[in-house]
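Subject: Handover of a structure, with notes

Hello,

Please find the structure below. My notes on what was found in it come after.

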Protein chains: 2
Amino acid sequence: MGLHNRRYRLAARPAGMPARSDFEFCEEAVRELRDGEVLVKVLYISLDPAMRGWMSDARSYIAPVAIGEVMRAGGAGRVVASRNDAIAAGDHVVGMFGVQEYAIAGASRMQRVDPSLAPLTTYLAALGMPGMTAYFGLLDVGRPVPGNTVVVSAAAGAVGSIVGQIAKIKGCRAIGIAGGVAKCAYVTGELGFDACIDYKGEDVRAALRDRCPDGIDVYFDNVGGAILEAALARLAMHARIVICGAISQYNSGTMKGPSNYMSLLVHRASMTGMVVFDYAPRFGEAARDLAAWLKSGMLKSREDVVAGLDNFPEALAMLFTGENTGKLVLKVANA
Amino acid sequence: MGLHNRRYRLAARPAGMPARSDFEFCEEAVRELRDGEVLVKVLYISLDPAMRGWMSDARSYIAPVAIGEVMRAGGAGRVVASRNDAIAAGDHVVGMFGVQEYAIAGASRMQRVDPSLAPLTTYLAALGMPGMTAYFGLLDVGRPVPGNTVVVSAAAGAVGSIVGQIAKIKGCRAIGIAGGVAKCAYVTGELGFDACIDYKGEDVRAALRDRCPDGIDVYFDNVGGAILEAALARLAMHARIVICGAISQYNSGTMKGPSNYMSLLVHRASMTGMVVFDYAPRFGEAARDLAAWLKSGMLKSREDVVAGLDNFPEALAMLFTGENTGKLVLKVANA
């Protein structure tokens with residue numbers, strides 16, 4: 001077809017923050033499609049904290065990206081050619097397309113979406129993995145009941161922003177933790193959380209005592225480190241901690257465990273890990289709820305769009321310096 | 001009545017290992033009974049790792065022992081006088097009698113036991129709080145199913161020895177972790193565990209890989225620290241960790257959290273704290289099972305008896321140096 005594909009391959013396992021030197025930028029010809037395959041032009045690439053883990057060769061829930069392999073990433077795009085009856089040229093799709101301009105995969109590796117119902121980027125945010133993660137992590141693992149106090153870290157981020165909004169929809173108090181005055185104002189003003197603690201400007205332990213006078217019933221953790229310890233120090237009896245991520249630790253070299261984990265005993269509390277992929281058979285159920293809440297205005301999805309495939313390494317780093325508000329996506333092409 | 005009561009009062013909050021200088025030894029007259037009260041001659045005092053926590057003023061599941069107060073402890077004794085219709089002189093009872101020769105309390109603060117059914121010390125071991133802790137911690141929090149691999153630390157101790165035996169009764173594989181060849185031989189030979197890892201002589205991580213080829217389904221933690229981390233490194237999918245204690249950390253000054261707690265996410269596992277007192281309404285149910293297993297020989301209770309109230313501080317320290325095998329009790333009087 002004569003198409004050229006610009007892509008980032010993993011060149012090195014990063015020490016600390018991922019950097020441009022950890023990737024190799026390549027320009028390669030797009031090969032011919034085989035029977036059953038679909039060619040997708042990638043329009044948006046999803047940038048997720050989990051990508052840092054995939055770059056590492058530590059044992060995890062999924063195999064690491066091999067050195068030399070195209071960097072793994074979710075994305076949304078438009079089908080430009082298909083040799084599969086299930087998907088036609090012109091369809092819009094989401095899938096794990098990698099950090100590149102064109103992806104080739106079987107139809108089972110992608111999902112059709114309707115850009116007339118929601119912007120394509122929303123299928124990477126509230127209607128995508130962050131939405132699914134928030135929905136099942138909060139409701140299935142956190143099991144909040146009306147009146148509960150739900151605290152979520154990275155509250156202005158892709159997952160945290162949805163966790164707090166679902167908590168409100170379910171009749172809970174939602175308290176966010178985020179970095180900076182602007183993010184906190186967004187979390188309370190725009191997203192309707194009851195309060196938001198600025199971990200850059202406030203003592204989080206003191207602030208949790210103040211905002212959670214009856215303790216924390218559900219803590220949804222995206223960050224680990226000192227903020228997880230602060231939440232452990234403020235648990236209500238029978239509290240549930242959802243372990244979704246530990247972004248504060250991913251680039252630190254040595255992970256730090258929560259030194260006050262015996263608060264789990266004192267408060268007869270639990271700490272449970274979750275991985276969104278386990279809920280794949282139930283994604284439809286979540287998508288129906290999330291789409292209805294979006295339509296009614298009860299749920300807001302915000303995407304923070306950085307333009308240009310060339311900017312991928314620096315855009316990825318924004319996740320770890322906390323520069324994004326809402327779901328971070330990289331725009332690769334217009335249509 | 002002219003009785004003299006020798007007792008230990010808490011004199012100081014220990015830094016590190018509890019020492020004789022943290023207690024004040026007193027000899028005081030036993031006061032007259034009031035209506036409703038019972039006078040108990042303490043025969044055995046229960047020595048428990050939790051006592052270290054009660055000496056500290058850190059926030060916990062129970063108020064600390066105040067400086068100057070008689071040191072809190074469970075015990076078993078014989079009623080020598082009663083002004084309460086529910087309990088008569090000559091009855092044998094267990095309760096929180098403190099570290100002293102005579103205790104005065106209302107009848108609701110003690111429980112009658114029958115020394116013809118089991119030795120009095122067994123009511124402080126398999127039929128007492130250690131038995132209840134093992135029973136509810138394993139079955140209610142750990143939720144093992146037949147065929148599961150159950151690992152327990154401090155496996156030669158009061159709680160751990162019962163956890164593994166109940167695991168066997170319930171059709172699981174039981175793997176202990178204990179300190180020293182003699183304890184390990186006791187755990188496998190006498191108690192019937194499938195294996196026991198000597199943390200003083202073996203690399204626990206390597207040994208867990210070897211003894212738990214399919215991973216750990218239930219880990220019952222009494223110790224914390226490096227052994228908790230080794231267990232986290234070997235979890236099976238959907239594993240349950242029961243947090244019952246952290247004896248390796250109690251005297252360390254600073255608690256260390258498990259640095260690899262993100263294994264909970266990788267394995268969709270949970271870590272849940274438990275306190276035995278919550279199960280008080282169901283103690284009868286556990287006691288029936290435990291007594292039946294004891295009677296049939298399926299369950300063995302072993303008590304490690306140190307004689308002499310005078311030896312209390314040094315006997316307590318034995319828990320933390322790992323000198324006891326089975327339930328450690330202090331014998332105060334013959335009858």
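The notes cover helix contacts, aromatic rings, charges over rings, and a few single residues.

This is a predicted model, in which local features need pLDDT of at least 70 and side-chain atom pairs count only at pLDDT 80 or more, while totals for chains, interfaces and linings use all residues. Residues are numbered from 1 along each chain as its sequence is written, chains are lettered from A and ligands numbered from 1 in the order in which they are written, and side-chain values use heavy atoms, with hydrogens and water left out.

Helix contacts

Two packed helices are described by the angle between their axes and the distance between the axes. Helices (H or I, at least four residues) and strands (E, at least two) are DSSP runs, numbered from the N terminus. Axes are lines fitted to C-alpha atoms, for helices over the stretch in contact, and angles run from 0 to 180 degrees between N-to-C directions.

In chain A, the axes of helix H2 (residues 129–142) and helix H8 (residues 283–296) come within 10 Å and cross at roughly 100°. H2(A) is therefore roughly perpendicular to H8(A) (angles under 35 degrees count as roughly parallel, over 145 as roughly antiparallel, 65 to 115 as roughly perpendicular and the rest as oblique). From H2(A), the contact (heavy atoms within 4.5 Å) uses Met129(A), Gly131(A), Met132(A), Tyr135(A) and Phe136(A). H8(A) contributes residues including Phe283(A), Leu290(A) and Trp293(A). By class, the contact of H2(A) with H8(A) has nine nonpolar, one polar and two charged residues. Here Ala, Val, Leu, Ile, Met, Phe, Trp, Tyr, Cys and Pro count as nonpolar, Asp, Glu, Lys and Arg as charged, and the others, Gly among them, as polar.

In chain B, the axes of H2 (residues 129–142) and H8 (residues 283–296) come within 10 Å and cross at roughly 100°. H2(B) and H8(B) are therefore roughly perpendicular to each other. Among the residues that meet are Tyr135(B) and Phe136(B) in H2(B), and Asp289(B) and Trp293(B) in H8(B). The contact of H2(B) with H8(B) divides into nine nonpolar, one polar and two charged residues.

Aromatic rings

There are 18 aromatic pairs over all chains. Rings of Phe, Tyr and Trp (its six-membered ring) pair if their centres lie within 6.5 Å; planes under 30 degrees apart count as stacked, over 60 as edge-to-face and the rest as tilted.

One pair is Phe23(A) with Phe312(A): the ring centres are 5.0 Å apart and the planes are at 70°, so the pair is edge-to-face. Phe23(A) belongs to strand S2 (residues 23–29) and Phe312(A) to helix H9 (residues 312–321) of chain A, so that the pair links parts of the chain 289 residues apart. Phe23(A) and Phe312(A) are buried (buried means under 20% relative accessible area, exposed over 50%, partly exposed in between, with a 1.4 Å probe and protein chains only).

Another pair, Tyr8(B) with Phe312(B), is tilted, with 5.3 Å centre to centre and 50° between the planes. Tyr8(B) lies in strand S1 (residues 4–10) and Phe312(B) in helix H9 (residues 312–321) of chain B, 304 residues apart. Both Tyr8(B) and Phe312(B) are buried.

Ring pairs also link Tyr135(A), Phe136(A), Tyr279(A), Phe283(A) and Trp293(A) into a cluster.

Charges over rings

A charge sits over a ring if NZ of Lys or CZ of Arg is within 6 Å of the ring centre and within 35 degrees of the ring normal. Arg302(B) lies over the face of Tyr186(B), at 4.4 Å from the ring centre. Arg72(A) lies over the face of Trp54(A), at 5.3 Å from the ring centre.

Trp54(A) is part of helix H1 (residues 50–54) of chain A and is buried, with a relative accessible area of 6%. Leaving out residues up to four places away in sequence, Trp54(A) touches residues including Arg13(A), Tyr61(A), Arg72(A) and Met96(A).

Single residues

Leu10(B) lies in strand S1 of chain B and counts as buried at 1% relative accessibility. The C-alpha atoms of Leu10(B) and Phe23(B) are separated by 4.6 Å, at 13 residues apart along the chain.

Arg143(A) has a phi near 45°, a positive value in a residue other than glycine. Arg143(A) sits in the loop between H2 and strand S8 (149–153) of chain A and is partly exposed, with a relative accessible area of 46%.

Regards
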